[in-house]
Structure formats: structure tokens, C-alpha cells
Amino acid sequence: MQRSLIIDRGNTNLKVAIFENQELVGVRHLSASTYIGLKNTFSSEELLCHSCIFSSVAQVEDPILEDLKGHFCQNLYVLNDQMPIPIEIDYDRTTLGADRLAAVVGAGSLFPQEEILVIDAGTAVTYERISSQGKYLGGNISPGLEVRFSSLHHYTARLPLVHIHESDNIPQWGTNTSGAIMAGVVRGLILEMEGYIEAARQEHPEIRVLLTGGAASYFETKLKYQTFVADDLVLRGLSCILDYQIRECTE
């Protein structure tokens, strides 16, 4: 049995996952800003793996790497723009975020030979297109919910900072300023997502739409189109990339 450690450091969250024979068997969600060390979070037995891949949205040296080097994994890989990947891409990899790349690989592994649109609703909202030939065609980046709320508050004199919860009822039209901001931001982002889906469906009526990211479940019930929620898409993609490195090295 091959046991792998997958670590994904995003803008807000840190995900640590264990895969056994390409199957996810456990994942923990931590705060990226209050990292206290893997040894203080997991037992040594949990972290002892044959191989590990580390991915981070940041370009700086990460303290997690110091934890990993020589302690938990026989083979440590750090995802970068030079690493071989199991998918053809039409994008400048030097500017492509590790999380976006992993999501694309994960989507392709879940639904091979299908036209795919991936919507990752996180700090930013990204839209990624994968062809049925398994090629990444490119993608777009847009501000996420919290960024939109924060920007309205930060760049204006009197608009309040609005926070949203899944149980909130989003009005069609706001009857006060907070309600107007809530309706404008949420409904605006819904219309944006549906616009991308509509455009993709015009080209490929049977296109598969995947939702992932922290706000995926929130938007799933609000979009008028059927979507597939893939909560651990980035982790799955990282696992596929790790497996590809191991196979490349042994062939």
C-alpha cells in the first residue's frame, strides 16, 4: 500500500491530506496564518508516508517545508512551474497559480474525455476550461465574495463592511445599504458564474461544470444550472501530479 501526504497552502486555509493508493482517506483543514507545526497537529505515525507533495500560493520559503524535509517523507516534491504534469496546457506556467493547476489536473482525472468548466469559488473566483482531449485551454480570475465586500468598504467613505452567512436571505433589491451591498455582490457573482456557464454551454451543450473552493456549497443551490461539487479537487489534482512524478522517475 502506497501512502502519500498532500499539503496545499492557500491564501486562507492549509489542507493536509493522506492518500492511500490514490484514494483520499483523511484531510484536515488548518489556518494558514496560525501554523504551529505539523508535529504539534498530527502524530508522527499519521504523517509517515512514502512520498509527499507540497503546494503553496506563496512564492516565499515556507516553514512547513522545514517540517517536512527529512522527517516524514522518503520523497518530497514541491510543485513549481518546471515540474512535469499529466496534462497539456495552453497557459504561461510561470504565472499560473499552483492551486489552479492542481484543480485543472484534478478535474481532468475525474472526468477524462469530457469538456469541463471548473469554477473555484474562494478568495478569488477562477474559471478554468479543459477540453475533451485533456488540454487546459486557459482560464479567468475574478474577485471572490469577501474581496468584493472588503473592497466596497475599503475604497468608499461610508459603505459598511458586510459579512454573509449561508442562512442569510438575499433580497432581490436592497431596502437598506447593507442589504443593497449583499444583494449586489451575491447576485452579481451568481450572474457572473451563470454567464460563464451559458457561454460554455453554447459551445458545448454537454459540458461538465465543477464547483470547488470554500464557497462551492453556498453557490451550488443558487445557480440555475446543474453543477458537480468537488470539495477536494485541488488535493486530488496534487495527488495525481505526485503519482505522475513517481511514475516518471521509475520508468
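These legends describe close-up views of a predicted model.

**View 1. Asp120 in strand β7.** UniProt, in an unreviewed entry, lists Asp120 under "binding site". The strand that holds Asp120 covers residues 116–121. Asp120 is buried, because its relative accessible area is 13%, under the 20% cut-off. Setting aside residues up to four places away in sequence, Asp120 touches Val125, Thr126, Thr212, Gly213 and Val234.

**View 2. Ala98 in helix α3.** The "binding site" feature of the unreviewed UniProt entry also names Tyr91, Gly97, Ala98, Asp99, Arg100 and Thr177. Helix α3 spans residues 98–110 and includes Ala98. Ala98 is buried, with a relative accessible area of 14%. Its contacts are Ser55, Ser56 and Leu79, not counting residues up to four places away in sequence.

**View 3. Arg100 in helix α3.** Arg100 is among the UniProt "binding site" positions (unreviewed entry). Arg100 is buried, and its relative accessible area is 6%. Arg100 touches Tyr91, Thr126, Glu128, Tyr136, Gly139, Asn140 and Ile141, again leaving out residues up to four places away in sequence. One of these contacts, Tyr91, is itself listed by UniProt for the feature.

**View 4. Helix α4 packs with helix α5.** Helix α4 runs through residues 145–154, and helix α5 through residues 177–203. Their axes lie 10 Å apart, at an angle of about 140°. The two helices are therefore oblique to each other. Their crossing is right-handed. From α4, Leu145, Arg148, Phe149 and Leu152 take part; they meet Ile181, Met182, Val185, Val186, Leu189 and Glu192 of α5. Eight of the residues in this contact are nonpolar, two are charged and none is polar.

How values were computed:
Residues numbered from 1 in each chain as written. Predicted model: local features only at pLDDT ≥ 70, side-chain atom pairs only at ≥ 80, totals over all residues. Heavy atoms only, no water. UniProt positions renumbered as here; feature names shortened; annotations may be inferred. Helix = DSSP H or I, 4+ residues; strand = E, 2+ residues; numbered from the N terminus. Buried < 20%, exposed > 50% of the residue type's maximum accessible area, 1.4 Å probe, protein only. Contact = heavy atoms within 4.5 Å. Axes fitted to C-alpha atoms, helices over the stretch in contact; angles between N-to-C directions. Parallel < 35°, antiparallel > 145°, perpendicular 65-115°, else oblique. Left-handed = near helix turned anticlockwise from the far one by under 90°. Nonpolar A, V, L, I, M, F, W, Y, C, P; charged D, E, K, R; others polar.
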